[in-house]
Structures are given as structure tokens and as C-alpha cells.
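The sequence and the coordinates are shown below.

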Amino acid sequence: MHGVWMRGITLLPLARRLQAQGFIPHRFDYASLFQGPAPSIDRLAAQLLALAPGPVHLVGHSLGGLVALETLASYHGLPPGRVVCLGSPLAGSSAARGLAMNHLSPFLGRSARLLKSGLGGLPSGREVAVVAGSRAAGLGRFFAGFDGPNDGTVAVWETRLPGLAEHRVLPVSHTGLIFSEAAATLAAGFLRDGRFPA
């Protein structure tokens, strides 16, 4: 699942790497700006049910990870599966809050609230891992005032919530996470084994 300002086509390199690892990727395209998360959550839940009994794993970049986890928290009876978030601001995005303070929330569309606030917690009964980036190359650094390692859009600490099964930081930028071979390898290992490869 892609992030804000992106479409499913941007996930093609990641999908190909996961396919090479033996998975059957389905790129989930959704309107990250012009619809709120609710319609995307409903559509994703329907797609997961269509792929039952599973397991059906989810890999979400940035906002995509938030939408994936919100879907799992909102619907019961979905097929089992693990989740990998790539640079998702689980604890909320200071860059998004900075945009709002500068009256630029329209650039986040109807996903602004979810990006600013993040999640209250992880969905129960799901193994969730995060791959974060630490190469500060992105527009978010002009609005966030990051106080630690970040990928230029999301701070590393913003990608953490209690209960994560795995967390790893790679020296890549926020957008670079979806093109990173190392991130794809970590994601595939966690989806397959429930842990990142050493």
C-alpha cells in the first residue's frame, strides 16, 4: 500500500522484489488525498476477505501502513497475516502537524487527521514490524523540526509503538524505502518467518 501523494504504480519495484521472494503481491491503489481513510479501509477489508482464508500479509509505506493497521483494528474476521510498515508515522507525524501549523493541511487532503495523530495502538493479535529510514532527504524536514534521526519526512521515533515485533533502521530516505532492496529483504523475511533476517 502506497503513501500520500503516491499511487500503486510506485510500488512496482517493491512488488517485484517480494514476488522474487515467493509472494504474490497485490498493489492496493487508493485515493490518499481526495477521500478520507474510511472508504479505503472498507475497500481494503473487502479485498482481504476476498483473499481468505489466507494468510494475507500487508506491506504499507507511510500512510499505507496506517491505513493497513486501521483496517485490521476496525474489522474482525479478516484472514490472518503479518504487517510490515515502511516509514509509517505510527505515533503521528510532526511534519504533518508542521504543515497544519503553516496552514498547509490541504496538501495532506482528507488523510491529514490520521497522519497528524497516528494510531492509539497496534491491532491485537497481529505481528507488526517497522522498517524506518535515517537518511534525512525530504521536504518534511522543512516543517517538522526533527529532534533526532529521520528519513526527511518521518522521525525514527515516530515509527515506534509499544508491541512491535521488530523494528529496524536503514540509511535510506522516506521515498527510498519503497525502492530499497534491503527494506524488501527485511519485509520478506518478516512476512515469512515473523522476524527480520539477521
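## Salt bridges and packing

Two salt bridges are found when the whole structure is searched. The model under discussion is a predicted one. In one of the bridges, the side chains of E127 and R82 meet with an N to O distance of 2.7 Å. Because E127 lies in the loop between helix 5 (112–117) and strand 3 (128–133), and R82 in the loop between helix 3 (63–74) and strand 2 (83–86), the pair ties together parts that are 45 residues apart in sequence. The other bridge joins D193 to R192, with 3.9 Å between the closest N and O atoms.

| Residue | Relative accessibility | Class |
|---|---|---|
| E127 | 36% | partly exposed |
| R82 | 18% | buried |
| D193 | 41% | partly exposed |
| R192 | 41% | partly exposed |

R82 counts as buried because its value of 18% falls under the 20% limit.

**Overall organisation.** The chain contains seven helices and four strands. Read from the N terminus, these elements follow the order α-α-β-α-β-α-α-β-α-β-α. Of its 198 residues, 52% count as buried. Among contacts with a separation of 6 or more, 72% are between residues 24 or more positions apart. The accessible surface of the chain is about 9,100 Å², and carbon and sulfur atoms account for 57% of this area.

**Helix 1.** In helix 1, which comprises residues 12–20, the buried residues are L14, A15 and L18. These residues cover an arc of only 100 degrees around the axis, and are therefore on the same side of helix 1. Their packing partners are strand 1 (58–61), strand 2 and helix 7 (181–193). On the face turned away from this buried side, helix 1 carries the exposed residues R16, Q19 and A20. Just after helix 1, G22 adopts a positive phi of about 105 degrees.

In soluble globular proteins, nonpolar side chains tend to be buried together. The largest nonpolar core of this model has 30 residues, among which L63 and L90 touch the most other members. Helix 2 (37–50), helix 3, strand 2, helix 5 and strand 3 are the elements that give two or more residues to this core. The greatest contribution comes from helix 3, which supplies six residues.

**Helix 3.** How many of the twelve residues of helix 3 are buried? Nine of them are, so helix 3 is largely enclosed by the rest of the structure. The buried residues are L63, G64, G65, L66, V67, A68, L69, T71 and L72. They pack against helix 2, strand 1, strand 2, helix 5 and strand 3. As for the geometry of helix 3, its twelve residues should span 16 Å at 1.5 Å a residue, and its end C-alpha atoms are 16 Å apart, which agrees.

Helix 1, by comparison, carries exposed residues on the face turned away from its buried side.

How values were computed
Residues numbered from 1 in each chain as written. Predicted model: local features only at pLDDT ≥ 70, side-chain atom pairs only at ≥ 80, totals over all residues. Heavy atoms only, no water. Salt bridge = Lys/Arg side-chain N within 4 Å of Asp/Glu carboxyl O. Buried < 20%, exposed > 50% of the residue type's maximum accessible area, 1.4 Å probe, protein only. Contact = heavy atoms within 4.5 Å. Areas by Shrake-Rupley, 256 points an atom, 1.4 Å probe, with all protein chains shown as cover. Arc of directions from axis to C-beta. Core = buried A, V, L, I, M, F, W, Y, C linked by side-chain atoms within 4.5 Å. Expected span 1.5 Å × (residues − 1).
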